[in-house]
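Thank you all for making time this morning.

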Amino acid sequence: MSLMDFLFGKKQQSAQVARDRLQIVIAQERATQTPDYLPTLQKELLQVLSKYVHVSLKDIQISQEKKDGMDVLALNITLPESGIKKVSE
């Protein structure tokens, strides 16, 4: 950076400005969207859990939220009191 650029500023090229704006728009969209893997995760959890316990898809609740700048994935599974399957070896 030359002294002249420092004193008077250097005009950014329009391509660079457009690129920076696009990055901001993409970051905002990512922050507001719900991940598309949650339904798949819910079905896979049901498959694994059904090997050991009688559960249905409505018994599994998955949510994703942001807290203090971090993504939090919450998983709530309602298990029946007497639904344990006996696993044969």
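Let me begin with a term: two strands are said to pair if DSSP finds at least two bridges between them. What we are looking at is a predicted model, and everything I quote is computed from it. With that term in hand, take Lys-67, whose bridge partner in strand 2 is Met-70. Taken as a whole, strand 1, covering residues 60-67, and strand 2 pair in the antiparallel sense, and the pairing extends over 8 bridges. The hairpin that these two strands make has 2 residues between the strands, and in that hairpin Asp-68 takes a positive phi near 50 degrees.

Let me now move to Asn-76, which has its place in strand 2, residues 70-77. Which residues does Asn-76 contact, if we leave aside its neighbours within four places in sequence? They are Asp-59, Ile-60 and Gln-61. For Gln-61, which lies 15 residues away along the chain, the separation from Asn-76 is 5.1 Å between the C-alpha atoms.

Asp-59 deserves a moment of its own. This residue is found in the loop between helix 3, residues 38-49, and strand 1. Not counting residues up to four places away in sequence, Asp-59 touches Asn-76, Ile-77 and Thr-78. Is Asp-59 buried or exposed? Asp-59 is buried, and yet it has no salt bridge, the nearest side chain of opposite charge being that of Lys-58, at 4.3 Å.

With a relative accessible area of 48%, His-54 is classed as partly exposed. His-54 and Pro-80 are 26 residues apart in sequence, while their C-alpha atoms are 7.2 Å apart in space.

How many salt bridges are there under that rule? The count comes to 1, and it is the one in which the side chains of Arg-19 and Asp-20 meet, at 4.0 Å from N to O. Arg-19 counts as partly exposed because its relative accessible area is 46%, and Asp-20, at 26% relative accessibility, is likewise partly exposed.

On the surface there is also a nonpolar patch, formed by Leu-22, Val-25 and Ile-26, with about 240 Å² of accessible area together. Of these, Ile-26 is found in helix 2, residues 14-32, and it counts as partly exposed because its relative accessibility is 35%.

Finally, let me step back to the whole chain. The protein has 3 helices and 2 strands, and from the N terminus on the elements run α-α-α-β-β. The accessible surface comes to about 8,200 Å², and carbon and sulfur atoms account for 55% of it. As for contacts between residues at least 6 apart in sequence, 41% of them join residues that are at least 24 apart.

Conventions. Residues are numbered from 1 along each chain as its sequence is written. This is a predicted model: local features need pLDDT of at least 70, side-chain atom pairs count only at pLDDT 80 or more; totals for chains, interfaces and linings use all residues. Side-chain values use heavy atoms; hydrogens and water are left out. Helices (H or I, at least four residues) and strands (E, at least two) are DSSP runs, numbered from the N terminus. Contact means heavy atoms within 4.5 Å. Patches are made of residues with over 30% relative accessible area and no salt bridge: like charges are joined within 9 Å, nonpolar side chains (Val, Leu, Ile, Met, Phe, Trp, Tyr) within 5 Å. Accessible areas come from the Shrake-Rupley method with a 1.4 Å probe; for residues, only the protein chains shown count as cover. Buried means under 20% relative accessible area, exposed over 50%, partly exposed in between (1.4 Å probe, protein chains only). Lys and Arg count as positive and Asp and Glu as negative; His and the chain ends are not counted.
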